[in-house]
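Hi everyone, thanks for coming.

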Amino acid sequence: MEQKFELIAKTFMGLEPVLAKELTQLGANDVQIGRRMVSFTGDKELMYRANFQLHTAIRILKPIKHFKARSADDVYNEIKKMDWTEYLGTDKTFAVDSVVFSDEFRHSKFVSYKVKDAIVDQFREKTGKRPNISVANPDLRLHVHIGDVAPGKSECTLCLDSSGESLHRRGYRQESVEAPLNEVLAAGMILMTGWQGETDFIDPMCGSGTLLIEAALIAHNMAPGLFRKEYAFEKWPDFDRDLFDTIYNDESQEREFNHHIYGYDVDIKAVNTARLNVRAAGLTKDITITEQDFKDFQQPKNKAIMVTNPPYGERISTPDLLGTYKMIGERLKHQFTGNDAWVLSYREECFDQIGLKPSIKIPLYNGSLECEFRKYQMFDGKMKIFRSEGGVVKSEEEKRQMAEKHRFKKEREFKKRLEEQEENEESDIRSFKFHSLEKREERRVERREWKEERGERKDSRDSRKSGFSGKSVRPDRKFTKPGRDFGKKNRRFDDEED
């Protein structure tokens, strides 16, 4: 029987429950959700399958040593105790990545150097030769994570990186547009909706086609690793090529998709790029992409789900950003009746312009931006009538997903707004004056001036008690929303991914 061992699947913040569900369906044991990671146990076959078949993992790590350290010398000594001939030869190359959350270890690169030195010194002492470092394409990738467990003491985990290049790089993307949606995030969004190919799928702002391709893979239950050229585990001394070939060629779980996927974009360059990527993935039979502005969107003939990622005004802007979101709401209300639409966006002001009440809101990170993924259930008439006729607004699974929002930081930090350079004529989110904030600011200034005139300003302690600090709110202040800091107990593997 194949030996089982500990494994760690890394992902993006907000996708951990989706990844955990995927792992459970794959046959993983001891599945535990952490911060940007899910730990589990499995054998070599499961490790290969996790790399090849998971839609929402960005890296699969295999821990090979846990230890505590008080200094860099402790790290060096513990690493040097290991028999590295089990993993490396002097004719091989390796690389070390480190992630550090520790008061004792301030610099991740310094930790990487100490690990490298320990390995190299062991080989030199034993053989007089040493393996070389290769950052670009090493034979062995090592990952070190260090986090504080007590004052003056840190817990260290050393892992083999079985993936190599990040798993979001599927291999089908031939060209890209500005700020493309990450493939892992796109797949996670689709899996969150519960869609498995039962209806048509639509993305009216498809960009380079990432959501469309990921939807087709999910609909057919195809492994996203089909397009990759290699994995890091293929260079390991114990690599079982026959086992991996069996996994790679197994089509028994794939299924027919009897509906269709439609993508639209107003930019012909994006349309051509998406078509090229779809062709590279071999999915032209399932996906049709057309040049069309969302404002011209018409009610689809068949039942469909819409999943889309409009511009936020961050990396991609538009001449009338808020007007774009107002148009989205209008199109959904009048031309998508009887269907569900899911929208990923960043700013509350944009969602407000949609003008529709979402049935579910799920916090989700797109890169460093803390976004929300909202579902709009489109039906005729009022919600009260819809419910009285047996309509279901939130399923039990959706209620559970809503509860996940409490995993985010207590103080949700949005990027500071850029200082206002011009008036509202461009209506760009980066220069738009949000009048609700301005009026609130005016009221606070008036209140302060009124108190100063009457000599009734209280000291700072009294002001805190009354909930008024006497300080004006800057237009570029950080917006916050309540929540709970998830994962304080488990800071493992909390690094920024590719």
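First, a convention: a crossing is left-handed if the near helix is turned anticlockwise from the far one by less than a right angle, and right-handed if clockwise. By that rule, H2 and H7 cross in a right-handed way. Their contact (heavy atoms within 4.5 Å) involves Lys44, Glu45, Tyr48, Arg49, Phe52 and Gln53 from H2, with Leu243, Phe244, Ile247 and Tyr248 from H7.

Some housekeeping: this is a predicted model, where local features need pLDDT of at least 70 and side-chain atom pairs count only at pLDDT 80 or more, while totals for chains, interfaces and linings use all residues. Residues are numbered from 1 along each chain as its sequence is written, and side-chain values use heavy atoms, leaving out hydrogens and water.

Now, how many salt bridges does a search of the whole structure find? It finds 18, taking a salt bridge as a side-chain nitrogen of Lys or Arg within 4 Å of a carboxyl oxygen of Asp or Glu. One of them joins arginine 59 and aspartate 161, at 2.7 Å from N to O. Arginine 59 sits in strand E4 and aspartate 161 in strand E8, so this pair ties together parts 102 residues apart in sequence. (Strands, E, are DSSP runs of at least two residues and helices, H or I, of at least four, numbered from the N terminus.)

Arginine 59 is buried at 8% relative accessibility, and aspartate 161 is buried at 3%; buried means under 20% relative accessible area, exposed over 50%, partly exposed in between, with a 1.4 Å probe and protein chains only.
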